[in-house]
Amino acid sequence: MTAHRIALVGVALLALAACSKTADPGYQGWVEADLIFVSPDEAGRVETLSVREGDAVEKGAPLFTVDPDLQQADVDMAKAAVTNATQAYERAQALLKTQAGTPRTVEETEATLRTAQARLASALTRLARRKAASPVSGSVQQIYYRPGELVPAGRPVVSLLPPGNIKIRFFVPETVLPKIALGQAVTIHCDGCKTDVPAKVTFISRSSEFTPPVIYSLDERSKLVFLIEARTEAPDGLRVGQPVDVRLAETQK
C-alpha cells in the first residue's frame, strides 16, 4: 500500500513537472510609441512656449511661436506689390474706356495683379505658421527648444503622444511564429498595472532580427526570434520604455 502511494505521488510530481515545462511563461517586451514631432517650417528663434512636459493638449491648442520678423516683412512687401498692381490695373481699365489704352495692357496688368495677390497669400500663410498649434490630442512628451533658442527649419520643438500611438513590442521564437496572426488577442502585464491590459497583434515581422546562417541546425533555429507589435485601446497605465510580459490569448488558462 505504501509503495502504491509512493508511486502515485511520483506520477503526480512528474505530471506537475511536465506542466511547468510546457506552460507558456509569456514573452518579454516593452512599450514604445509613435511620437508626433511639431517643428517650424522655417528657421527662427522661439518666442513663446505655451506647454510644459506632461501637459495634456487638445487638437488645435497653441504650442509655441517663432519670431515672425522676416515673414512680416515679406507680408508688408507683398501688400505693397498688390496695391501697386491694383492701381496699375485700374489705370489700364480707365485708359481703355477712353480709347487711350489697349486690351493687351489690361490683360498684362491683370496678370501682374493676380501674381501679386498669390504672393501675398503665400506670405500670409508663412506668417500664420509661425504660431504652431497641436495637430493631435495627446500629451506633451518632450520639449527640445526653449524661448530664446534658435531652432533650425524642420527641427522639432515639441513632441506629442496621442494615446492611440502607444504600441507593445516583443519577440517570439521561430517555432511560435505560425501560431500568431494579425488581429490576434494578447494580454499585457506590467508591474505597475492594476489589471492586465488587452491588446491585439498589429504587426508581424517577415524576417528575423539577426542575419541567420545559410544552413540551420535544430539548435540554431530555436534561437531565431521575430518582432511582433500589438496595440491596445486602454493604454492609460502604460509608459514608454516600460518592460511588460505578453501572453497569447490561446495560452491563457
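Trainee: At roughly what angle do the axes of helix 2 and helix 3 cross?

Mentor: In this predicted model, helix 2 covers residues 69–97 and helix 3 covers residues 103–128, and their axes come within 8 Å. The crossing angle of these two axes is roughly 160 degrees.

Trainee: Is helix 2 roughly parallel or roughly antiparallel to helix 3?

Mentor: The axes cross at roughly 160 degrees, and angles over 145 count as roughly antiparallel. Helix 2 passes helix 3 in a left-handed crossing, and the residues of their contact divide into 17 nonpolar, eight polar and five charged. Because of the crossing angle, the relation of helix 2 to helix 3 is roughly antiparallel.

Trainee: Does Gln-99 count as buried or exposed?

Mentor: Gln-99 is found in the loop between helix 2 and helix 3, and its phi is near 65 degrees, a positive value in a residue other than glycine. Most residues other than glycine have a negative phi. The cut-off for exposure is over 50% relative accessible area, and because Gln-99 has 69% relative accessibility, this residue counts as exposed.

Trainee: In what order do the six strands of the barrel follow one another?

Mentor: The six strands close into a barrel with antiparallel pairing, and neighbouring strands of this sheet are turned by 45 degrees against each other on average, direction ignored. Strand 11 and strand 14, for instance, run antiparallel and are joined by four bridges, and within strand 14 Asp-245 is the bridge partner of His-189. The order of the barrel strands is 1-10-13-12-11-14.

Trainee: Which strands are the edge strands of the open sheet, each pairing on one side only?

Mentor: Four strands form this open sheet in the order 6-5-3-8, with antiparallel pairing. Strand 3 (residues 44–49) and strand 5 (residues 62–66) are joined by three bridges, and Thr-48 stands opposite Thr-65 in strand 5. The edge strands, each of which pairs on one side only, are strand 6 (131–133) and strand 8 (150–151).

Conventions. Residues are numbered from 1 along each chain as its sequence is written. This is a predicted model: local features need pLDDT of at least 70, side-chain atom pairs count only at pLDDT 80 or more; totals for chains, interfaces and linings use all residues. Side-chain values use heavy atoms; hydrogens and water are left out. Axes are lines fitted to C-alpha atoms, for helices over the stretch in contact, and angles run from 0 to 180 degrees between N-to-C directions. Angles under 35 degrees count as roughly parallel, over 145 as roughly antiparallel, 65 to 115 as roughly perpendicular and the rest as oblique. A crossing is left-handed if the near helix is turned anticlockwise from the far one by less than a right angle, and right-handed if clockwise. Ala, Val, Leu, Ile, Met, Phe, Trp, Tyr, Cys and Pro count as nonpolar, Asp, Glu, Lys and Arg as charged, and the others, Gly among them, as polar. Two strands pair if DSSP finds at least two bridges between them. Buried means under 20% relative accessible area, exposed over 50%, partly exposed in between (1.4 Å probe, protein chains only).
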